[in-house]
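Let's take a walk through this model together.

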Amino acid sequence: MLISLTALFSLAKFDLFLKQTLFWFIGFILFFSFKFFDYRLIFERYQSFFIISFSLFLLFIMLFLPGRIKSWINFGPFSFQPSEFSKLAFFIILANFLSYYYLELNKPIYFFLSFFLISPFLILISLQPDFGMVFLYLLIWFFTIIFFLSKRTILILFVIFLIFSLIFWFFVLKDYQKKRIADFIFSLKNPLKTEYNLRQIRLSLATSSFFGKGVGNSEIGKYGFLPSAHTDFILTFIIEERGYFGYLLYSFLFFLLIKELVNFFTFNKNHLFKNFIFVCLIYFLVKFSLTSLINFGAFPIIGLPVPFLSYGGSHLIFDMWLLGILISISKEKV
């Protein structure tokens with residue numbers, strides 16, 4: 001929280017600083033609410049069905065909102081992103097599926113069944129369109145399922161992935177998205193246009209040092225030369241100001257979080273709760289790894305918030321809410 005808020009303050013984004021402080025406050029309320037709320041209700045059949053149905057309904061109505069951008073619902077000065085909160089339903093589906101069929105996943109039909117169950121989320125979010133979120137959902141599903149697959153099934157999956165990648169490239173991706181990927185692979189071809197963001201990331205990193213330039217002394221991020229310095233590339237901005245030491249500190253804190261989640265997973269005896277913790281563990285690992293690679297210019301830019309750092313209420317409030325659920329599950333004695 002301190003790393004995030006001081007970064008926004010250093011960027012002179014005082015209105016965003018105040019909003020993010022409010023988002024942290026709401027997040028902490030939800031985090032501690034599970035001391036008084038029975039988390040088991042989330043996993044009971046009817047409540048789970050309601051959460052899944054309501055999430056899909058929210059994603060569906062996004063397609064009929066006026067305007068071109070359909071990933072957000074605006075409420076005055078605030079915005080709400082349904083695809084962030086729909087992840088809870090997504091995790092519940094995967095956890096339930098693993099609880100029933102984890103021994104059957106080597107059979108192709110069950111593997112495709114797992115994909116079929118999550119496909120409504122992928123389709124509705126891709127139609128918004130929000131391909132960064134679709135990619136995150138896909139990676140969570142893939143790294144959750146792959147631990148239960150045989151080598152033969154993984155090989156078949158790789159072939160299918162190549163086929164779908166070609167279909168996605170030629171029939172789904174927009175021209176600007178293709179340019180981002182092409183510019184990443186063939187860098188330095190168009191540094192002032194489609195490759196500008198990637199160029200500024202690398203320039204910001206190159207001008208930093210182990211301890212950085214100091215808080216408030218940024219030359220690239222603070223003066224608007226690093227696009228989205230308060231959201232997708234806030235980690236790059238932090239490295240410019242606080243150096244690679246700042247990133248190591250953030251990584252260490254994240255490591256402590258992952259270590260706790262591994263402990264929750266190891267000592268929980270309930271299969272459903274154990275699988276839910278496992279899916280959430282994959283989620284945090286994927287999100288941290290992916291956003292770190294993007295902020296180091298080592299992966300094509302897809303537009304994802306850095307966990308617990310980027311400005312924005314939807315992703316922060318959801319992650320704090322999810323941690324509240326996980327800590328409540330960790331108290332499970334059975």
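Start with Leu293, which is in contact with Ala298 and Phe299 once neighbours within four places in sequence are set aside; contact here means heavy atoms within 4.5 Å. Leu293 belongs to helix α13, where helices (H or I, at least four residues) and strands (E, at least two) are DSSP runs numbered from the N terminus. With a relative accessible area of 40%, Leu293 is partly exposed. On that scale, buried is under 20% relative accessible area, exposed is over 50%, and partly exposed is in between, using a 1.4 Å probe and protein chains only.

Before going on, a word on what you're looking at: this is a predicted model, in which local features need pLDDT of at least 70, side-chain atom pairs count only at pLDDT 80 or more, and totals for chains, interfaces and linings use all residues. Residues are numbered from 1 along each chain as its sequence is written, and side-chain values use heavy atoms, with hydrogens and water left out.

Now zoom out. The chain has 14 helices and two strands. Its radius of gyration, taken over C-alpha atoms, is 20 Å, close to the 20 Å from the globule rule (2.2 Å times the number of residues to the power 0.38) for 334 residues, so the chain is as compact as a globular protein of that length. The C-alpha trace spans about 55 × 50 × 40 Å along its principal axes. Of the 334 residues, 47% count as buried. Take the contacts between residues at least 6 apart in sequence, and 71% of them join residues at least 24 apart.

What about charge? There are 28 positive and 16 negative side chains, and the centres of the two sets lie 4 Å apart. Lys and Arg count as positive and Asp and Glu as negative, leaving out His and the chain ends, and each charge is placed at NZ of Lys, CZ of Arg, CG of Asp or CD of Glu.

Glu240 is in helix α12 (residues 234–267), and its relative accessibility is 0%, so Glu240 counts as buried. Which side chain does the side chain of Glu240 make a polar contact with? That's Lys213, at 2.9 Å. A polar contact is a pair of N or O atoms within 3.5 Å; within protein, one must be able to donate a hydrogen and the other to accept it, and residues adjacent in sequence count only if both atoms are side-chain atoms. Not counting residues up to four places away in sequence, Glu240 also touches others, including Ser204, Ser208 and Ser218.

Ser86 sits in the loop between α5 (82–85) and α6 (87–101) and is buried, at 1% relative accessible area. Leaving aside neighbours within four places in sequence, Ser86 is in contact with Ser55, Leu59, Phe121 and Tyr137.

Most residues other than glycine have a negative phi, and most peptide bonds are trans. The bond from Gln128 to Pro129, however, is cis, with omega near -10°, and Pro129 lies in the loop between α7 (108–126) and α8 (131–145). Ser228, in the loop between α11 (196–206) and α12, has a positive phi of about 55° and is partly exposed at 33% relative accessibility. Phe308 has a phi near 70°; Phe308 lies in the loop between α13 (271–295) and α14 (313–330) and counts as buried at 12%.
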